[in-house]
Amino acid sequence: MKFISTRGKETATGAQAIARGIASDGGLFVPEFFPAVTQEEMEGMLSMNYAERAALVLGKYLDEYDPAGLKAACEKAYGQFEEGDAAPLVKIDGSLYMLELFHGPTCAFKDLALTLLPYLLRTGCDMAGIREDILILVATSGDTGKAALEGFKDAPGVKIQVFYPNDGVSKMQKLQMATQEGSNVDVVAVRSNFDDCQSAVKEIFTSEACKAELKERGYILSSANSINFGRLAPQIAYYFSAYLDLVSSGQIGMGDKVNFSVPTGNFGNILAAYYAMRMGLPVGKLLCASNKNNILTDFFRTGVYDRRREFYKTMSPSMDILISSNLERLLFELCGRDAALVAQRMERLREEGVYEIGGEEKEELASLFFADWCGEDETVETIYEFFEEYQYPMDTHTACAMYAAADYREKKKDADTPMVVVSTASPYKFPQDVMYAITGNDIKDSFKAIKHLNLATAMKVPKSLSSLRDKKPRFDAVADKGALYAQVLRFAEKK
Ligand SMILES: *Cc1c(COP(=O)(O)O)cnc(C)c1O
């Protein structure tokens, strides 16, 4: 399988695409075509475990990777999840299901990809003949940073540096990153928002001067953000797995359509659902759920992407994003893979902060997606109502997707099509907000909130979170957004 840049100027093998992370023209790598999963393969996957299903789906794109190696890597990655199930599906009521993606080492869905990415990257670099050490730069809105640090800590030949918005992540997220162990890691808080972190990192990635300077020091750059196809690919697998679980438990018949509701920020998770659909998964609608930063909702409804607006800090910080990187991959498909047009739109977005798509593209969007957004009060209400009715506690991000799912069912009179709500984080990652939603109690201390939440819900507390209490913070660097590259040089200096 070949990969091409959405901006048309670069092609790569899968290994190269993963090693490079982003194309040198600033575009994102996409597969040359969508490989199909056949009916027979679907039947065959019914009896497989999660790791086997993931290896099959990944192998469709990464056909130059050794299949046995891929399977072993999936088994190792997903063996780290609680009770050995990386993506359990929980039935809530009638035709409503939760796909719980938070049982990994850092309690957010990012673990599904970042437990596997070290293997994909290491092997990819070996196949691509890259001899330098790899320097991974990560911009994070909270969860990617921790999951990437955990995935790459002490990996030989790799250094990883994470940038997060100083006031833009939850207390638990900050603590998770600041206490990170490992000899090859670094964490920097940035006095700005996620969009600035992401833009600054992207700029370093595409600067020939930065790349040359780092190469001189013995490093090549790569990315653990969802701009990297290696992040995206493992996410496709859980949509297949959820569907297969519905079939094997007799909830649906093979071929029946299923809707998915996905809490969305950088558009990586929901893009993986779209890729699954293009590979043949029977999907009805994809629900794109935003928080108060509802730029995607506006785009899906009007065809105008306009980032010239206020940025809000919400209780779902991992979705506080105005520049959704992965939307570029969807745009590429919508306009019939016209790379010049994509490049032109991205240039307009960078320079003027706005672009618009055409009528046919808008229609296509509306036929595939339903976009919705959930404000702060609705987030609290959704968590409360769901807990009251089903004793099911959910986190603040998942609540946005649940809100969208309920709204869709009511507005579109479609309550019969099975709806899978993608649950992206453990409620214990945002314990104060969830506790407040459920009980009205405003608890200032995170660990007290965890304890009370446990008493109120009887849901097991993940050890990786409760143990943070006794860990000493190791990182306290704070930098201005213009000084990220200086931080990179500082970190890349120490060999
Ligand atoms: C990252 C994240 C999201 C958004 O996912 P995208 O792939 O960026 O759209 C939603 N919820 C949680 C908990 C996250 O960590």
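Analyst: Happy to! Two strands pair if DSSP finds at least two bridges between them. Strands (E, at least two residues) and helices (H or I, at least four) are DSSP runs, numbered from the N terminus. One caution first: this is a predicted model, where local features need pLDDT of at least 70, side-chain atom pairs count only at pLDDT 80 or more, and totals for chains, interfaces and linings use all residues. Residues are numbered from 1 along each chain as its sequence is written, and side-chain values use heavy atoms, with hydrogens and water left out.

User: What is the strand order of the open sheet, and which are its edge strands?

Analyst: The order of this 5-stranded open sheet is 9-6-7-8-16, with parallel pairing. Strand 9 (219–223) and strand 16 (477–479) are the edges, as each pairs on one side only. From one strand to the next, the twist averages 30 degrees; axes are lines fitted to C-alpha atoms, for helices over the stretch in contact, and angles run from 0 to 180 degrees between N-to-C directions.

User: How do you know that strand 7 and strand 8 pair?

Analyst: Strand 7 (residues 158–165) and strand 8 (residues 185–190) share 6 bridges in the parallel sense, and the rule asks for at least two. For instance, isoleucine 160 has valine 185 of strand 8 as its bridge partner.

User: Which helix lies across strand 6, strand 7, strand 8 and strand 9?

Analyst: That is helix 9 (residues 194–206), which runs at about 155 degrees to strand 6 (133–139).

User: What makes the protein as compact as a globular protein of its length?

Analyst: The protein has 22 helices and 16 strands. Its radius of gyration is 21 Å, close to the 23 Å that the globule rule gives for 495 residues, so the protein is as compact as a globular protein of that length. The radius is taken over C-alpha atoms, and the rule is 2.2 Å times the number of residues to the power 0.38.

User: Why is cysteine 197 called buried?

Analyst: Buried means under 20% relative accessible area (exposed is over 50%, partly exposed in between; 1.4 Å probe, protein chains only). Cysteine 197 has 0%, so it is buried. Cysteine 400, at 1%, also counts as buried. Buried residues make up 62% of the 495 in the protein.

Methods:
Contact means heavy atoms within 4.5 Å.
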